[in-house]
Amino acid sequence: MEKQKRFFLQENEIPKAWYNIVADMKNKPLPMLNPKTKQPITLDEMCVLFNKACSEQELNTTDAWIEIPEEVRNLYKNYRSTPLVRAYGLEKALDTPAHIYFKNESVSPIGSHKLNSALAQAYYCKQEGVTNITTETGAGQWGAALSYAAKAFGLELAVFMVKVSYHQKPYRRSIMQTFGAQVIASPSMSTRAGKDILTNNPNYQGSLGTAISEAVELAMQTPNCKYVLGSVLNHVSLHQTVIGLEAEKQMEMAGEYPDVVIGCFGGGSNFGGISFPFMRHNILDGKTTEFLAAEPASCPKLTRGIFQYDYGDEAGYTPMMPMFTLGHNFAPAHIHAGGLRYHGAGTIVSQLIKDGLMRGVDIPQIETFEAATLFARSEGIIPAPESSHAIATAIREAKKAKEEGKEKVILFNLSGHGLIDMTAYDQFISGDLTNYSLPDEVIQSNVDQLEKIIK
């Protein structure tokens, strides 16, 4: 009998609630701080920038389960459940005893997991009577998802796209514009934050921190407008747990349970989405699954950053968050995994690392594209550069299983496809990509500038 390769859920099995891991954490994340008063931020202060529902979710430390609005769940049904896939081709190519599974989030209408939170946040903004929203985007996956969601709920959207990605990934820009969003290369001359950055460094190609500053500034200056974020914050990871909750049921269908769960890591949304539902069993039931967050070696906040309060953006407009960070002034290398070029980590993940419940691994750029190419040739899917960090980590774990002669069940999140990233693949095939080495003194110089709130 042929082995089953793909596992789907029935429509009535799609989760009805998101999972809030903070409620079950023994050590809660430290509170976010008002950047002016340095006091824990209040709900009213959060609501100045974000919609009220997401602000309440952000500060919720007691409710493990938060109901998914029926209107959002109905839109999820257009593409969920996403398949859980046994990667038999990759296992064969690696000649490994490991069983490798991946959750394929690339099948969403815009090709990534980002739509899970975009639909939720756009819905809550619409319910509140908001008419305009702003955001930032790195590789363009979040911007594309929010453009789709904004159109679904009749909202006007302005997207600040990191300038290097704006030029590297023109078709992502086109997708956003097709859905009706305004797209601005960041840093720009349309905000005070952008003007200040360009005055000091006219050739600066941008970062997610810069784009966030511009999006926040525009939201604060525009009537009936809210800022919407695609990663880092707790409520974004909350919305993404639909991924791991489905994967739990699908792994049960496959008759296995993961020994290791892997997600690529920029700010933490897709990693949290695949990991947190499984991690609750480590916290509550004594399971021993290992959780690995795969970040670029050129932007290694989890593996080489410090734990300190820092801003989420470059200009210092956002609340201060307790995070592993390279410093909000960090200028990342121009790698093609644009969605991972962020200086800090979310507060939940940062606390989980401190508590030893997960760890980060950093992957050089060339290794990610070697992994992506092997995956494409063995599984028939061209992955996004961001997702390729998770694939590379899964391959490392599968090779380790072979060396140890042990069976191991590996689960990773394929957070998006790379069909609009072929310029990067062209450069890899031509031998034009390089690895970026980040000197210790550069990190130290940057983090030395941070205010040392955590002693």
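**Figure 1. Overall view of the predicted chain.** The chain holds 19 helices and 15 strands, where helices (H or I, at least four residues) and strands (E, at least two) are DSSP runs numbered from the N terminus. Its radius of gyration is 20 Å, close to the 23 Å that the globule rule gives for 455 residues, so the chain is as compact as a globular protein of that length; the radius is taken over C-alpha atoms, and the rule is 2.2 Å times the number of residues to the power 0.38. This is a predicted model, in which local features need pLDDT of at least 70 and side-chain atom pairs count only at pLDDT 80 or more, while totals for chains, interfaces and linings use all residues. Residues are numbered from 1 along each chain as its sequence is written, and side-chain values use heavy atoms, with hydrogens and water left out. Along its principal axes, the C-alpha trace spans about 65 × 50 × 50 Å. Of the 455 residues, 64% are buried, a term that means under 20% relative accessible area, with exposed meaning over 50% and partly exposed in between (1.4 Å probe, protein chains only). Among the contacts with a separation of 6 or more, 77% join residues 24 or more positions apart, contact meaning heavy atoms within 4.5 Å.

**Figure 2. Helix H15 and its surroundings.** Seven of the eight residues of helix H15 (residues 347-354) are buried, so this helix is largely enclosed by the rest of the structure. The buried residues are Thr-347, Ile-348, Val-349, Ser-350, Gln-351, Leu-352 and Ile-353, and they pack against helices H11 (234-240), H13 (269-285) and H14 (301-304) as well as strands E12 (306-311) and E13 (320-325). Just after H15, Gly-356 takes a positive phi of about 75°.

Figure 3. The structure holds 14 aromatic pairs, counted for rings of Phe, Tyr and Trp (its six-membered ring) whose centres lie within 6.5 Å, with planes under 30 degrees apart counting as stacked, over 60 as edge-to-face and the rest as tilted. The rings of Phe-307 and Phe-324 have centres 5.4 Å apart and planes at 50°, so this pair is tilted. Phe-307 belongs to strand E12 and Phe-324 to strand E13, so the pair ties together parts that are 17 residues apart in sequence; Phe-307 and Phe-324 are both buried. For Phe-369 and Phe-428, the ring centres are 5.7 Å apart and the planes lie at 25°, so this pair is stacked. Phe-369 lies in helix H16 (residues 365-379) and Phe-428 in helix H18 (residues 422-429), so the pair ties together parts that are 59 residues apart in sequence, and both residues are buried. One aromatic cluster is formed by Phe-102, Phe-375 and Phe-412.

**Figure 4. Surroundings of Thr-241.** Thr-241 is placed in the loop between H11 and helix H12 (242-254), and at 0% relative accessibility it counts as buried. Leaving aside neighbours within four places in sequence, Thr-241 is in contact with Trp-18, Tyr-19, Gly-272, Gly-273, Phe-276 and Pro-277.

**Figure 5. Lys-151 in helix H6.** Lys-151 is found in helix H6 (residues 141-152), and its relative accessibility of 48% makes it count as partly exposed. From C-alpha to C-alpha, Lys-151 and Ala-181 are 8.5 Å apart in space, and they are 30 residues apart in sequence.
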